[in-house]
Amino acid sequence: MPAKFLSSSIRAADIPKSNKPQIAMVGRSNVGKSSLINHLGGTKNLARTSAKAGLTQTINVYDFDRFHLVDLPGYGFSRAQRSQGRGFEEMISAYLSDSALLVLVLLIIDSRLGFTESDRHALDQLKNGGVPFVVIFNKVDKLSKSAMTVALRNLQAEFGDVRFIPHSIDGALGEIRDAIEKATRQPRV
Ligand SMILES: Nc1nc2c(ncn2[C@@H]2O[C@H](COP(=O)(O)OP(=O)(O)O)[C@@H](O)[C@H]2O)c(=O)[nH]1
Ligand SMILES: [Mg+2]
């Protein structure tokens, strides 16, 4: 998918509005959000990746031609969140639960950790919000095939109605692309 960097903003209200649907990414710092953006864009330098947590403190938007990908700051760790406190979190939750352009949220979790406390908090928010979401079970290259199967089976048993999509940057993108394709085709009702 051809893509380019579009904008960087501090407030959700400043995300550029266009007629393109938006896909948002949420997840802890370091869970691989920027890497997934680069994977989807087919390039290494669309979004800045980092081994250090908490560097992305802005809302970065990437233009993927048919949709805008909105990379939200990793929750819990970003400097922006620390300095802006609850107001920041509320702004993000407001965006996630009530944005006319938002058609799909990708909640990214680390497959080695499963749902952390902050991931569960995000999941609850998304369940209560009105926007469709899927959970990206990320960095599965770090798990053995059998560990991945067991972990996914357990998660699916606990969260039956939630869709989990395994992903790693050296793996396939088909299922994520399909979810995006489907979401960007069907207008929300
Ligand atoms: N093994 C592995 N490492 C990954 C994967 N995706 C990201 N990483 C690494 O995880 C770290 C954080 O990635 P980044 O994309 O910056 O995370 P972000 O903070 O969520 O944007 C970097 O060192 C990446 O190279 C993956 O699928 N597999
Ligand atoms: Mg990032």
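A residue is called buried if 20 or more other C-beta atoms lie within 10 Å of its own C-beta atom.

**Figure 1. The whole protein chain in a predicted model.** By the definition above, buried residues make up 37% of the 189 residues in the protein chain. The chain contains six helices and seven strands. Their order along the sequence is β-β-α-β-β-α-α-β-α-β-α-β-α. Of the contacts between residues at least 6 apart in sequence, 74% join residues at least 24 apart.

**Figure 2. The residues around ligand 1.** There are 19 residues around the ligand, and Gly32, Lys33, Ser34, Ser35 and Thr49 come nearest. Helix 1 (residues 33-41) supplies the largest share of this shell, three residues. By type, the shell around ligand 1 has twelve polar, four charged and three nonpolar residues.

**Figure 3. Strand 6 (residues 133-138), a mostly covered strand.** Six of the six residues in strand 6 are buried. Phe133, Val135 and Phe137 point one way from the strand, while Val134, Ile136 and Asn138 point the other way.

**Figure 4. Strand 6 beside strand 5 (residues 102-110).** The two strands pair in the parallel sense over six bridges. Val105 stands opposite Phe133 in strand 6. Between strand 5 and strand 6 the chain passes through helix 4 (residues 117-128), and this β-α-β crossover is right-handed.

**Figure 5. Strand 6 beside strand 7 (residues 164-167).** These strands run parallel and are joined by four bridges. Phe137 has Pro166 in strand 7 as its bridge partner. From strand 6 the chain crosses through helix 5 (residues 145-158) to strand 7, and this β-α-β crossover is right-handed.

Methods:
Residues are numbered from 1 along each chain as its sequence is written. Chains are lettered from A and ligands numbered from 1 in the order in which they are written. This is a predicted model: local features need pLDDT of at least 70, side-chain atom pairs count only at pLDDT 80 or more; totals for chains, interfaces and linings use all residues. A residue is buried if 20 or more other C-beta atoms lie within 10 Å of its own, exposed if 12 or fewer, and partly exposed in between; C-beta atoms are placed from the backbone. Two residues are in contact if their C-beta atoms, placed from the backbone, lie within 7 Å. A residue is near a molecule or strand if its C-beta atom, placed from the backbone, lies within 6 Å of it. Ala, Val, Leu, Ile, Met, Phe, Trp, Tyr, Cys and Pro count as nonpolar, Asp, Glu, Lys and Arg as charged, and the others, Gly among them, as polar. Two strands pair if DSSP finds at least two bridges between them. A crossover is right-handed if, with the strands pointing away from the viewer, the path from the first strand over the helix to the second runs clockwise.
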